[in-house]
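Here's a quick briefing to read with the model open beside you. Take a look at the structure, then work through the notes below.

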Amino acid sequence: MSMGTGTSSHALRIMTDRYMRYLFIVSAFLMTIIIASIIVFVGQQGLQTFRDVSVIEFFLNNKWDPMEGRYGAFSFIAGTILTTLLAIAIGAPLGLACAVFMAKIAPPRLREFMRPATDLYVAIPSVVYGFVGMTILVPFIRVHFGASNGFGLMAASVILAVMILPTIISISEDAIRAVPKPLEEASLALGATRWQTIWRVLLPAALPGILTAVILAMARAVGETMAVQMVIGNTPQLATSLFMPTATLTSEIVIEMGNTPFGSTWGNSLFLMALVLLLLSMAMIMIIRQIAARRSA
């Protein structure tokens, strides 16, 4: 009796594993179809822009005035790239320093408090960041930096830098903790100080994971919309200073998409902006995969 029960239980587990495998395959296939459909739809609509607008005008001209038939998106592309790079330049060193502190310096009790706090940090809605930026950061920039209204690249970059900190801190800390303990012990045994060990041994060994954190943070910064839209100024012009209002691809899409006729050149150009964002995100994902492949090699 027990043998029959064991056989039937084993057969049930095999059947369950088989069905779960099929479920995972179908789910992965369905997600692939959904993602591909989004890319195809956005790309099909966006590429229709080039029936009325030249490639050179869209990508290299910064004059955006749909009422006059001008669809130069260079200022939005430049604003997106500059905002992202500035946010990384501000947030990456701070996030890495915090990760080192949490992984190797902080007392255990403080670490147990900081890690959940960092994870909860991600749950704050982006509109809250934008509201804080409008009420605190923008007036601060206006008063202390002599900016005309306080909106611009600097405000957006600082807000984005704060928003990407949890990503950099969490992944970088995990990468530092994953470094084999004997490497650290060997460095200390050879006479290196604690800071020399961190700087010359731990960080180089954890570099692939740290780069992955930075690239994921860049992907988050590229796609951020609401917080940036609230503090960047939303002006279709090429920023020539950190305190000059400008716009990004995401902020311009949010502002204009609701009032744009579907299928018009104006609407298609906004879809083309979305396609550019998708391609930027895909490029970053490919970079992450290359880093992960080199790390495992």
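At 15% relative accessibility, glutamate 184 counts as buried (buried is under 20% relative accessible area, exposed is over 50%, and partly exposed is in between, using a 1.4 Å probe and protein chains only). Keep in mind that this is a predicted model: local features need pLDDT of at least 70, side-chain atom pairs count only at pLDDT 80 or more, and totals for chains, interfaces and linings use all residues. Residues are numbered from 1 along each chain as its sequence is written, and side-chain values use heavy atoms, with hydrogens and water left out.

**Salt bridges**

- A salt bridge here is a side-chain nitrogen of Lys or Arg within 4 Å of a carboxyl oxygen of Asp or Glu, and by that rule the count comes to 6.
- Glutamate 184 pairs up with lysine 181 in one of these salt bridges, with the closest N and O atoms 3.6 Å apart.
- Both residues sit in helix 7 (residues 181–189), 3 residues apart, or about one turn of the helix; helices are DSSP runs of H or I with at least four residues, numbered from the N terminus.
- Lysine 181 is partly exposed, at 46% relative accessible area.
- Elsewhere, salt bridges with shared partners link Arg115, Glu173, Asp174 and Arg177 into one network.
- Glutamate 173 and arginine 177 are 4 residues apart in helix 6, which means about one helical turn separates them.
- Glutamate 173 is buried at 1% relative accessibility, while arginine 115 is partly exposed at 23% and arginine 177 is partly exposed at 40%.

**Helix packing**

- Helix 8 (residues 194–205) packs with helix 9 (residues 207–223) at an angle of about 65°, their axes 5 Å apart.
- That makes helix 8 roughly perpendicular to helix 9, a label that covers angles from 65 to 115 degrees.
- Leu203, Pro204 and Ala205 of helix 8 make the contact with Leu207, Pro208 and Ile210 of helix 9, contact being heavy atoms within 4.5 Å.

- Threonine 265 lies in helix 12 (residues 265–296) and is buried at 17% relative accessibility.
- Setting aside neighbours within four places in sequence, threonine 265 touches Thr49, Asp52, Val53 and Tyr71.
- Glycine 267 is in helix 12 too, and is buried at 3%.
- The C-alpha atoms of glycine 267 and glycine 46 are separated by 8.3 Å, although the two residues are 221 residues apart along the chain.
- Threonine 250, in helix 11 (residues 249–256), is buried at 6%.
- Beyond its neighbours within four places in sequence, threonine 250 is in contact with Val222, Gly223, Glu224, Thr225 and Leu277.

Note on methods. Helix = DSSP H or I, 4+ residues; strand = E, 2+ residues; numbered from the N terminus. Axes fitted to C-alpha atoms, helices over the stretch in contact; angles between N-to-C directions. Parallel < 35°, antiparallel > 145°, perpendicular 65-115°, else oblique.
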